Amino acid sequence: MWSRNGTAFARLAVVGVLALGLAGCFRPVYGGGTAPAVTSKTFSGGGDVATELAAVDVKPLEGRVGGKLRNELIFALRGGGAAGPTAYRLTIRLKEYGQSAVVDPLADIPQTRTISLTADYDLTRAGTLDPIATGHTVATATYSSGLQRFANVRAERDAEDRAAVQLSERIRARLQAYFATGK
């Protein structure tokens, strides 16, 4: 295992020193402190990411899936905390698509269905109309369907909820990236 001349120990020491040197290169997204200075006309760049995310107001969406997406996004942005002063407004346009993926060839009944949600969103400063960040994201969820009508309805609803959670996580991640880098 350990050689007599100490080369293994020296290698381990070098790896340890390099690891300590690189540890200072990473900044956690939700870490305290301030974001790096960004030279952008649209980004303030002064606060930390968690504070900026908590200052985003999500406009209401229509429908059950829209309400689920909004609630998940509010929780993801604030972490369950109370709403602070609104500095940004997030407008989301949601579209839902359903399709059959696999059909039983003997009974001609769909066995698997897919729900697709697409969201186009704009982030604007409170009181302005010009978007400072825009994006488009897609989420899909599949569910098994059969001959039981009410089970199919519940499975479709669960798939819509899973897709809404995926959309909220993707939008939150993109907003985090924007607030961390200003891009």
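**Entry 1: conventions.** I count two strands as paired if DSSP finds at least two bridges between them, and I take helices (H or I, at least four residues) and strands (E, at least two) as DSSP runs, numbered from the N terminus. I am working with a predicted model, in which local features need pLDDT of at least 70 and side-chain atom pairs count only at pLDDT 80 or more, while totals for chains, interfaces and linings use all residues. Residues are numbered from 1 along each chain as its sequence is written, and side-chain values use heavy atoms, with hydrogens and water left out.

**Entry 2: the chain as a whole.** I looked up the secondary structure and found 4 helices and 4 strands in the protein chain, which follow one another from the N terminus as α-α-β-α-β-β-β-α. Of the 183 residues, 31% count as buried, where buried means under 20% relative accessible area, exposed over 50%, and partly exposed in between (1.4 Å probe, protein chains only). The chain exposes about 11400 Å², of which carbon and sulfur atoms supply 58%; this area comes from the Shrake-Rupley method with a 1.4 Å probe. Taking the contacts (heavy atoms within 4.5 Å) with a separation of 6 or more, I note that 60% of them join residues 24 or more positions apart.

**Entry 3: the strands.** I followed the pairing from β1 onward. β1 and β2 run parallel and are joined by 3 bridges, with leucine 90 in β2 as the bridge partner of valine 58. β2 and β3 pair in the antiparallel sense over 15 bridges, and here isoleucine 92 stands opposite tyrosine 121 in β3. These two strands form a hairpin with 6 residues between them, and in its turn aspartate 108 has a positive phi of about 55 degrees. β3 and β4 are also antiparallel, over 13 bridges, and serine 116 faces threonine 140 in β4. Their hairpin has 5 residues between the strands, and glycine 127 takes a positive phi near 90 degrees there.

**Entry 4: helix α3.** Which residues of α3 are buried? I find Val65, Gly66, Leu69, Leu73, Ile74 and Leu77. They lie on the same side of α3, because they cover an arc of only 165 degrees around the axis, the arc being that of the directions from the helix axis to the C-beta atoms. Asn71 and Phe75 are exposed on the other side of α3. The buried residues of α3 pack against α2, β1, β2, β3 and α4, and the helix is followed by glycine 79, whose phi is positive, near 65 degrees.

**Entry 5: the nonpolar core.** I define a nonpolar core as a set of buried Ala, Val, Leu, Ile, Met, Phe, Trp, Tyr and Cys residues joined through side-chain atoms within 4.5 Å. The largest one has 34 residues, and those with the most contacts inside it are Leu90, Ile92, Leu123, Ile171, Leu175 and Phe179. Two or more residues come from each of α2 (49-54), β1 (56-58), α3 (63-78), β2 (88-103), β3 (110-125), β4 (131-144) and α4 (149-181). The largest share, 10 residues, comes from α4. As background, nonpolar side chains tend to be buried together in soluble globular proteins.

Entry 6: Is tyrosine 143 buried or exposed? This residue of strand β4 counts as buried, because its relative accessibility is 8%. Leaving out residues up to four places away in sequence, I list its contacts as Gln111, Thr112, Arg113, Ile115, Asn152, Ala155, Glu156 and Ala159. I also checked tyrosine 143 against arginine 154, which is 11 residues apart from it in sequence and 9.9 Å apart in space, C-alpha to C-alpha. Serine 145 lies in the loop between β4 and α4 and is buried as well, with a relative accessible area of 12%.
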